[in-house]
Amino acid sequence: MTKYNIWFFSSFFIALIVALPIITVFSSFFYETSNYYNVLKETFLFDYIFNSLLILIFVILITFLLGVLSAYFVAFYEFPFSNFFSWTLILAFAVPGYIYAFSIIAFFENYGTAFSILTYFFGENNYNTFIPKIDGIAGAILAISFSLFPYVYVLTRASFHYQSNNYIEVGKNLGLSEKETFFKIILPSARPAIIAGLALVSMECLSDFGTVSFFSVNTLTTGIYNSWLSFDDLNTANQISFILLLFILFLFSIEIYSRREARYHQPGRGFKPITKIKLSGKKALLAFVVCFLILFLSFLFPLSQMIYWTIKFPKYFQDIDIININLNTLILVLIASLSIVIISLFINYGSRISKSKILNYITNFSVSGYAIPGVILAVAFITFFSNLSDFFSENLNLNSTKSIFIGSVLGLILAYFIRFFSLSFNGIKSSYEKINNSIDESAYLLGYSKIKTFLTIHIPYLRTNIILIMLLISLEVIKELPITLILRPFNFETFATQAYIYASQDLLEAAALPSLFLIFWSTILIVISSRYILSKKN
Amino acid sequence: MDKNFLEIQNGSFSASEKNKVNNVNLVIKNQGEIISLLGPSGIGKTTILRTIAGLQKLTNGKIILKGKTLSSNLVHVEPEERNIALSFQDNSLFPNYKVIDNINFGKKRLNGNGSSLKSNEIIKLLRIEPILEKFPHQISAGEAQRVSLARSLMSKPDLLLLDEPFSNIDQSLKDEIQVSVKKLLKRINLTTIIVTHDSYEAFSMADKCGIILDQELKQYDIPYNVHHEPNSIEVANFLNKGVFINVKVIDSECAVHRLEHPELGEIRGKLSSNFPSGSKVKLLLQPEDLIHDDQSKLKLEVVDRKFRGTNFVYTLKTNKGEHLPVFVHSHHIHQHEKNEKFGIQSPIYIDHLVCF
C-alpha cells in the first residue's frame, strides 16, 4: 500500500511543476483568443506546419547519412586519426543551430568570408554572383542538421561498438559478403539505436527556435513566439503549442519505444567485441576524408568563422561586457545544475526506499519535461504565472506576483528545472538501478541507518555519474536560447541571448564573440564529459 | 529460568500471495546451534530469513532473540538495531569498495557479539587473500559469496543468517569450505540459520533441519531423522530418496514389526508410528533399504541402471508395475543389464519402517 509520506508528496509536487506547461497548453482551449488566431488559421498556420515538416524531413535524411556514415567508419575501421575522430565528431554538439546559422550567413553573404577568401587567392572580382546564397529553409536545414547529427552518431556508434563479433562471424560463416553482412546483420541490429537518435533529432528540430527565427522561416515555434511577442496573445501561442506538442509527443513515444527495443539488442554474456579492420591506401583515405569533412563542416567551420570575426573586429571586446556574461552564465549553470541534481537525487532515493508504484508512475510522468520545446515551455510558463498572479490579485487582493517568476533568475531556474529534470532524474536512476536492493539491506544489517547508507554507499557510487550529469546540464543551460530569451531578467544576458540579439539586429560580427565563448565553454564541457564516459567504459 | 536463544512463535511470513509460510513454531535452544531450512525454490525460505533480519515485517506471531522480542504484531526492531547478519544469495557487496574494504565494513558494527574473531583468520579460512584488492565486479560469483560471508562474520552478529551460502561456489571447493565454516561457527559459538535447497548441504552443516513445504514448516528435527523418518508423504517425496509401496501390517505388537508385500514377501523392522495389525499402509522404500544378493530366490527385473560414481542405482520392476530403487556398490563384482533378473536379500529388514 502506498504510504503518503514526505517522499510521496515531494515527488507529486515536482511532477506537478513539470506538468505545468502541458496542463497550461491543454487548458488554453478553454480560454478566448484574439482575432489573430482566426487570421492565422486562415493564412499562415498551414505554412507553419508545412515548413516545420519540410525542415524535419530533410534534417532527418541528412543527420541519418552523416551520423550513420561517420559511426560506421569509426566503429568498424582503423584508419589515420580514427580514434581522434571517434570523440571529436561529438564536438558538433558545442555549436547550437543558431550559431551555425550565423556562420553560414557570414560565409556566403555578399562580401562575406567566402568572398574574402576568393579575393585573397584569386584577386579582386565580382565573386558575389557565383557564391551560392544559402539562407531561408535550405540554410535552416543545413544548420540544424550539422548541429544535431551527433545524436545519431553517438547512439549508432555505441550500437555498432557493442555489436558482438559473434554475429558478424556467423554472417561470414553463412557465406555473406562484407556488404551483405552490413545491410543484413549490422544495420538491422543497430536500427533501434538509429531510430532513437533520429527521434531525438526530430524533437530537437521541431523545438528549434533560434535557427529558424534567424533565417526568418515561419515554423510552429516562431509562430508561438510571434503570437506572444508581436500580438500579445498567449492563448493563441498555447494553441499553436498544442499542435507542436502533438508532433513532439508522437516522436517522444517513438524514442521511448526504440530505446526499449535497443535494450534487447544489447550484448549478452557471450559478447565478443568487434575487431576493427585496418584500412590502407585509397580506402583509408576515403574514410579519413569523409570523417574529416564531417568534422570540418560541423565544428571547425563555425568555430573558425567565429574566431575569424572575433579577431577581425576586436572592438567588440570592449563593447561587450564579456565578464558579466561569463558570470551570468556561470551563476545559471551552477544554480541550475546543483538544484536539479540534488532534487533528482532526493526523488530517486525516495522512490527507492518507499517502493511505491504510484510514486513510480508520478516520477515517470515528471520526466516528460524534456520533450517540451523551450518556446512552448517559456510561453506556457508565463501564461501560468500570469493567470496565477491575476487569480491571487482578484481573489485575495494580493499584489502582483508575476515578477517573482517572470523575468527573474528564480523563474529561469524553475523553467530550466522543468526542461532538464528528466535528464538528471533518468541519469541518476539508471545508475541507481545498478545498485542492487540487497546492497542497501546489507548496509542496514551492518548497522547503517538509511541516511548513512545514502551518504556512505550511494553517494560515492553515484559520484561520477552526478558529475557527468552536472556537466551535461551545464552544457544544455549554456546553449539554451528560447527559455532564457523569454524569461531572463531585464538586461541579464547569457552567451546565447547576447549572440542571438546581436545577430537579429544584423550585427553578426558582434555576435561572434559571445558565440565563440559559448562554443569554447561547451567544447570544454563536452571534452570532460566524453572523457568521463570513456574512462568508465560506459 | 532457561531461556531459548531464538524462538519463533506462530510466525507467519509473507512476501507475496504465493510466497508465504504460516504458523511456524521453531526454537533454537542454545547459542551456537546451526539449523538449516530446506525447501523447494520460491517457497518462502528467504522470506523467513529476511523477516528474522527485520527487512520485512512479520505478518503474525512473534520472533524472540535472547529474550527480546524483535518482531510481533506490535513490535518491529529495525534491521540496523538487531545485530543479525544476513549473507545474501546474490551479490550484495558494495560495488565501489574493494573486497578488503567490504570486509572491513563488517567491523564497524558497534554492538558486536564480542567474539575474538580476526579478519585475517576469516580471510584465510575463506580463501580470499588473492582477491583482497579487487573490486566486486572483478571477482567471480563464488568469490563474492565468500566475501559476503566474511563481511557478515566480521560484524560479529548474535545470529547469522545464510541464504544459499555455497550455491555459486565450485564443487571442488564447496565441501572444504563447508567443513571449515562449520568448524569456525562452532568454535566461535555463533548461532546460524542456513537456507538451502540442497539436502546434502542442509544435513551436513546443521544440527537441526527444518523442511518447508506447502506454506508450512512440515518437520523440524535432527538431519538423521528427517532423512530416515520423514513425518509425511510430502517430506519424503520432497527429499525424493525412495518410493512408496503398498503393504499390509501383519504384526505391530512384537519387538520386531512385520509387514507383507505380495511379491517382496515379509518386511521386518521398527514401525515409526503405530498401525494396528491388518491395516493396509504405504511403506517408504529407500534405495539403501534393499540389499542385493545374487543367491537370493527373490528376483525382480532390472528396468534401468544409473552409474553414480560410488554406486549404481538399479531400478527394479515388480509384477504390479512398482519401480523400486536399489543401491549397489560400484565395485560389485558384476553388473546387471536391463531385462535381467536381479536378486534381493530376503526376508527384507529395514531399520525404520516409515509408513503412512
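Author: B:Gly321 counts as exposed because it has 6 C-beta neighbours inside 10 Å; a residue is exposed if 12 or fewer other C-beta atoms lie within 10 Å of its own, buried if 20 or more do, and partly exposed in between, with C-beta atoms placed from the backbone. This is a predicted model, in which local features need pLDDT of at least 70 and side-chain atom pairs count only at pLDDT 80 or more, while totals for chains, interfaces and linings use all residues. Residues are numbered from 1 along each chain as its sequence is written, and chains are lettered from A and ligands numbered from 1 in the order in which they are written.

B:Gly321 lies in the loop that runs between β16 (311-317) and β17 (323-329) of chain B. Helices (H or I, at least four residues) and strands (E, at least two) are DSSP runs, numbered from the N terminus. From B:Gly321 to B:Glu81 the C-alpha to C-alpha separation is 59 Å, and the two are 240 residues apart in sequence.

The chain around this loop may now be described. Chain B contains 8 helices and 19 strands, and its C-alpha trace spans about 70 × 45 × 40 Å along its principal axes. Of the 356 residues in chain B, 37% are buried. Contacts, in which the C-beta atoms of two residues, placed from the backbone, lie within 7 Å, can also be sorted by sequence separation. Among those in chain B between residues at least 6 apart in sequence, 68% join residues at least 24 apart.

Chain B also meets chain A: 20 residues of chain B are in contact with 15 residues of chain A. On the side of chain A that touches chain B, α20 (437-445) and α21 (450-479) of chain A each supply at least two residues. The largest share, 6 residues, comes from α20(A). By type, the residues on this side of chain A are 9 nonpolar, 5 polar and 1 charged. Here Ala, Val, Leu, Ile, Met, Phe, Trp, Tyr, Cys and Pro count as nonpolar, Asp, Glu, Lys and Arg as charged, and the others, Gly among them, as polar.

In α11(A), A:Thr221, A:Ile224, A:Tyr225 and A:Trp228 meet A:Val375, A:Ile376 and A:Val379 of α17(A). The residues of this contact divide into 6 nonpolar, 1 polar and no charged.
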